[in-house]
Amino acid sequence: PEGIGENEFSDLSDADWFCRYIKTVVSYDLMSGFQGGIFRPDEKLTREQAMTVAARAMSITGLDAGLSDNETSSLLLAFSDASEVSAYAMNGAAACLKTGIITGRTVKTLAPQDTVTRAETAVIMYRLLVKSGLINPPESDSENITSDYSKTDNWLTLPDTTDHDVDVFYLYPTTYYRLSSDDPVVCEIDNILMRKNAVSAYKRQATAFSTVGNIYAPYYRQPDAVTTLSISGKEKDELLGGATKEDIFAAFDYYIKHYNNGRPYILAGHSLGSNMLLYLLSEYMQEHPDVYARMVAAYVIGYSVTEDYLAENPHLKFAESANDTGVIISYNTQAEMVDGTNPVILDGALVINPITWTRDSTTAGADKNLGSIMLNQDGSVVLDENGEFKQVMNFADATVDSEKGALICSTVDVSTWGRGNAVFPNGVFHSFDYPFYYYNIRENAANRAERFCETK
């Protein structure tokens, strides 16, 4: 077949295998050539060109974006590189964003001048067909379906037996990161990298509670750390409020209904995991006061619990001592001097000392610390000659700095333990929030669990 339309381009021969396809898409106004009567068939498409083509295809598939002039502007201005979108591509880009056919390369960037890969092109076509109602998405499409926690494969750990009177529901930190710009901002629940690193995080954090409770830890879809910590406010809420929040709420609800059997429980998390616990505490617990009544404590470590957050959630309270229950425990560890801003410390962050479990500024010396654990370069825990976690004494002290909203550790060498990276500046001991005070956390969790059970 010859295709539809005439060959109007000087750099296109009727003998070219792709000529008839180009003539057809041009006749349907999906694509056009360049000035001078050329098509440039060997040139790669930019993202804004792909958006323009996809938007034009909507008129054929019957998908109406229903854009107003104001919407075009507001959709594009949500991205820091909106000024790089060519004038001809603005309406097409906005239509693709509104319908969800194309998203930003990151939450903050659209990258209109970047080229599209074959994989991205396939995704664009797939989304166009699905959103136009021309094909049905598969049941496994993670964009539309919350992860299924009746499947044991979606749990990092489930206890073989429930020997303890108390459970622990643990959320690991960000363990996924994008290896290239083509990787999604939010990973799938079966992402190999995320799962591998989650196991390592579990061993250096959640095991602190292994002598206290039956540990339940779900895998969950999550965004990469650089993206998450580079945005704030509404943008961050929108990012975390999608697949990540859906999975966390689904996992916890399934745990409560199918595994908990009315037992008291401890919530524990770190970094992103703690951030997501704040959603559970503010929303799920308010809607389920009977569930909240069974909470021994929430260890929201490595992320900020602020005065404003508690004011907005009067059903919640922050810990004041080693013995209170139904409370939130939080701190973020850093050196006295930090070369920049600690991204997990928010204005009005509250802090409790994990050695004394008090909130005043009295320094708890390293000699009062019940023991730290050390990490190898790959994040695994250093073991002793018996293959057990090596318990290191007299290593980390702790002082609450209410003005900074931080827990200050002054006895640890920053050049060894607090070297900065793409996310955290020098002087932040984020990865060691649990390891520095590992045995203190274990002892405190046991104490709170015992006191909770005595009073219930």
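Trainee: Is C453 buried, partly exposed or exposed?

Mentor: This is a predicted model, in which local features need pLDDT of at least 70, side-chain atom pairs count only at pLDDT 80 or more, and totals for chains, interfaces and linings use all residues. Residues are numbered from 1 along each chain as its sequence is written, and side-chain values use heavy atoms, with hydrogens and water left out. Buried means under 20% relative accessible area, exposed over 50%, and partly exposed in between (1.4 Å probe, protein chains only). C453 has 33% relative accessibility, so C453 is partly exposed.

Trainee: Which class does C96 fall into, buried or exposed?

Mentor: The relative accessibility of C96 is 0%. C96 therefore counts as buried.

Trainee: How many disulfides does the whole structure have?

Mentor: A disulfide is a covalent bond between the sulfur atoms of two cysteines. The search takes a pair of cysteine sulfur atoms within 2.5 Å as a disulfide. Over the whole structure, the number found is 0.

Trainee: At what angle do the axes of α2 and α4 cross?

Mentor: Two packed helices are described by the angle between their axes and the distance between the axes. Helices are DSSP runs (H or I, at least four residues), as are strands (E, at least two), numbered from the N terminus. Axes are lines fitted to C-alpha atoms, for helices over the stretch in contact, and angles run from 0 to 180 degrees between N-to-C directions. The axes of α2 (residues 47-61) and α4 (residues 90-99) come within 8 Å, and the crossing angle is roughly 70°.

Trainee: Which residues of α4 does α2 meet?

Mentor: Contact means heavy atoms within 4.5 Å. From α2, the residues taking part are M51, A54, A55 and M58. On the α4 side they meet G92, A93, A95, C96 and T99.

Trainee: What is the phi of D29?

Mentor: Most residues other than glycine have a negative phi, and most peptide bonds are trans. D29 sits in the loop between α1 (19-27) and α2, and D29 is exposed because its relative accessible area is 56%. D29 is not a glycine, yet its phi is positive, at about 60°.

Trainee: Where is R40, and what is its phi?

Mentor: R40 lies in the loop between α1 and α2. At 35% relative accessibility, R40 is partly exposed. R40 is a residue other than glycine with a positive phi, near 55°.

Trainee: What percentage of the residues in the protein chain is buried?

Mentor: The protein chain has 14 helices and 9 strands. Of its 456 residues, the buried share is 51%.
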